[in-house]
Amino acid sequence: MKFVAVTSCPTGIAHTYMAAESLEQSAKDAGHEIAVETQGSAGSQPLPAEVIAAADAVIFAADVEVRERQRFAGKPLVQVGVKKAISDGPGLIAQAVSAAEEAAAHPEVLAAAASAPTSGGGLATKVDSEAGTGTRIRQWLMTGVSYMIPFVAAGGILIALSFMLAQIAGGKRGAIAVVNYNLTGTGADAHWNLATNFNLTSGMDWAGLLFVIGAASFGFLVPILSGFIAFAIADRPGIAPGIVGGFIAATMGAGFLGGIATGFVGGFTALWISRRKVPKGVRGIMPVVVIPLVSTAITGAALILVLGRPIKAISDGLTSWLNGLTGTNLVILGIILGLMMGFDLGGPVNKVAYTFATTGLATAAATAAAGGTPLKVMAAVMAAGMTPPLGMALATTIRPGLFSEPERENGRAAWLLGASFISEGAIPFAAADPWRVIVSSMSGSAVAGALVMLFGSTLRAPHGGIWVVPLIGAPLLFLLAIAVGTCVTTAVVVALKSTAKTTDADLVAEPAATTTASAV
């Protein structure tokens, strides 16, 4: 048979592409053809209409709304979460076969489904309207975070590169001087104004250029976070109050907590207004005038007059506490963050730790301080996230008999995934043997996080793994922490699996014996 599929996850990074690879391999193994459209953070290449038309069934492995799903109307559909495609690709292909056969037997059911209305394309909300309250709150937050991450990545790496170049061009004081560059300086500060005094031959000016662009990217973090939390709640009507509220929060110094607050206030205000019944004559101006006007005014006023100062006090207190951590307290924080990163490998708990690190990075990366605690937190989180897939890869290399053939193949891919800070590379192992793999992942990640804090490594980039090692403070010690954490993960998983007497012979002998008995 021929199938088409769409994969998508809330952040649009690892799960999206791992699910696609799993479906492609499973379809090939079953003797079928499949074309997969990955709706990830890097955008997507829509499937050709003729490919969709020729398909016997459609698979949606997505935790967010599939864009332009009306293209697939009239086709048998199997719809699951993205993790299902990673953990049980063959099962999904079997479901698609059954759906195609059922549709062929009962075409009238398919015709009725095809006539049902479908949602259009555009921005994805990341929210399941039928989920529980707690799940929806998490999805609202993750929507904001997923749209914010590209700004964090661009700004963080540009600023990190600016400090590197400034240290080369300006010596010891270069990293201090680079933060003075701007686009508005006049009078005595006019020489810092790159718009009027840029020197093509000056290394410091080039460093300043990177810094100014990176800082501009960081300036959007809180507004984008707030705007897309509101968008997830109220759809497009929430964008204006959310972004404006986020900008006010950033201006007041309320930080990300203020942005989260304005996202919820703006989203629910816009949602409430959009659901009001109004006369026909007013309906046409509701989305372009009334909703943005009223919701933005209410959101801004609520922050300025009521929420802003208390949230700023909380944010300042949290920042002071974080920067005040030293010694043992830092190591304990590294252990906690490591346990979170290794627990669900790209899931909600992992994302909470990662979001904590990236939001802290955003507040610290534009300063000249080389050893700020937020930069250590980012380094600890990245090291802890790299450890699980690297540990599984090493385990499949030194003790292949403890793993099935598919796991050994995943182990070879996990080297690159782990090195690139894609924790999801360990998911296939966790799906096959959850408690042993999760325990070993948490053990290694906790050790890696603690060692990074102990060594004092720092990181100004929010992602990248070994590919951003030049941007890491104390890079050799950072790599040592990862190596130790990887060895701990490997040692624990090998010990647990050996204790359970899981051998390669156990994995293949029983099916073979069953086949022989059936033949007899």
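Before the first selection, one definition is needed: an angle over 145 degrees between two axes counts as roughly antiparallel, while an angle under 35 degrees counts as roughly parallel. Please also keep in mind that this is a predicted model.

**The whole chain**

Begin with everything shown as a cartoon, where the chain has 22 helices and six strands. Of its 520 residues, 48% count as buried. If you consider contacts between residues at least 6 apart in sequence, 73% of them join residues at least 24 apart.

**Helix 10 and helix 11**

Now select residues 221-234, which form helix 10, together with residues 239-252, which form helix 11. How do the axes of helix 10 and helix 11 cross? They come within 7 Å and cross at roughly 150 degrees, and helix 10 and helix 11 are therefore roughly antiparallel to each other. The crossing of these two helices is right-handed.

Show the side chains next, and look for the place where Val 222, Pro 223, Ser 226, Gly 227, Ala 230 and Phe 231 of helix 10 meet residues of helix 11, including Ile 239, Gly 242, Ile 243 and Phe 247. Sorted by class, this contact between helix 10 and helix 11 has nine nonpolar residues, five polar residues and no charged ones.

Between the two helices, click on Asp 235, which sits in the loop joining helix 10 to helix 11. Although Asp 235 is not a glycine, it has a positive phi of about 65 degrees. Is Asp 235 buried, partly exposed or exposed? Its relative accessibility is 39%, so Asp 235 counts as partly exposed.

**Helix 10 and helix 12**

From helix 10, the residues that make the contact include Leu 221, Leu 225, Ile 229 and Ile 233, and from helix 12 they include Phe 256, Ile 260, Phe 264 and Leu 271. The residues of this contact divide into 13 nonpolar, seven polar and no charged.

**Two threonines in helix 16**

Move on to residues 348-364, which form helix 16, and pick out Thr 358 within it. Thr 358 has a relative accessible area of 2%, which means that it is buried. Leaving aside neighbours within four places in sequence, you will find Thr 358 in contact with Met 148, Val 152, Met 378 and Pro 462.

Then select Thr 359, which is also found in helix 16. With a relative accessible area of 15%, Thr 359 is buried. Apart from residues up to four places away in sequence, Thr 359 touches Met 148 and Phe 256.

**The nonpolar cores**

Which residues have the most contacts inside the largest nonpolar core? They are Val 178, Val 381, Leu 459 and Phe 478, in a core of 78 residues. Centre the view on Leu 459, and, not counting residues up to four places away in sequence, you can find it touching Leu 361, Leu 375, Met 378, Ala 379, Met 382, Val 468, Leu 471 and Ile 472. A second, separate core has 40 residues, with Ala 14, Val 78, Ala 85 and Ala 414 among them.

For the last stop, select helix 20, residues 434-455, and helix 21, residues 475-499. These helices pack at an angle of about 160 degrees, with their axes 8 Å apart, and they are therefore roughly antiparallel to each other. Helix 20 passes helix 21 in a right-handed crossing, and the residues of their contact divide into 17 nonpolar, seven polar and two charged.

Finish at Ala 474, in the loop between strand 6 and helix 21. Ala 474 has a positive phi of about 55 degrees although it is not a glycine, and at 32% relative accessibility it counts as partly exposed.

Terms used
Residues are numbered from 1 along each chain as its sequence is written. This is a predicted model: local features need pLDDT of at least 70, side-chain atom pairs count only at pLDDT 80 or more; totals for chains, interfaces and linings use all residues. Side-chain values use heavy atoms; hydrogens and water are left out. Axes are lines fitted to C-alpha atoms, for helices over the stretch in contact, and angles run from 0 to 180 degrees between N-to-C directions. Helices (H or I, at least four residues) and strands (E, at least two) are DSSP runs, numbered from the N terminus. Contact means heavy atoms within 4.5 Å. Ala, Val, Leu, Ile, Met, Phe, Trp, Tyr, Cys and Pro count as nonpolar, Asp, Glu, Lys and Arg as charged, and the others, Gly among them, as polar. A nonpolar core is a set of buried Ala, Val, Leu, Ile, Met, Phe, Trp, Tyr and Cys residues joined through side-chain atoms within 4.5 Å. Buried means under 20% relative accessible area, exposed over 50%, partly exposed in between (1.4 Å probe, protein chains only). Angles under 35 degrees count as roughly parallel, over 145 as roughly antiparallel, 65 to 115 as roughly perpendicular and the rest as oblique. A crossing is left-handed if the near helix is turned anticlockwise from the far one by less than a right angle, and right-handed if clockwise.
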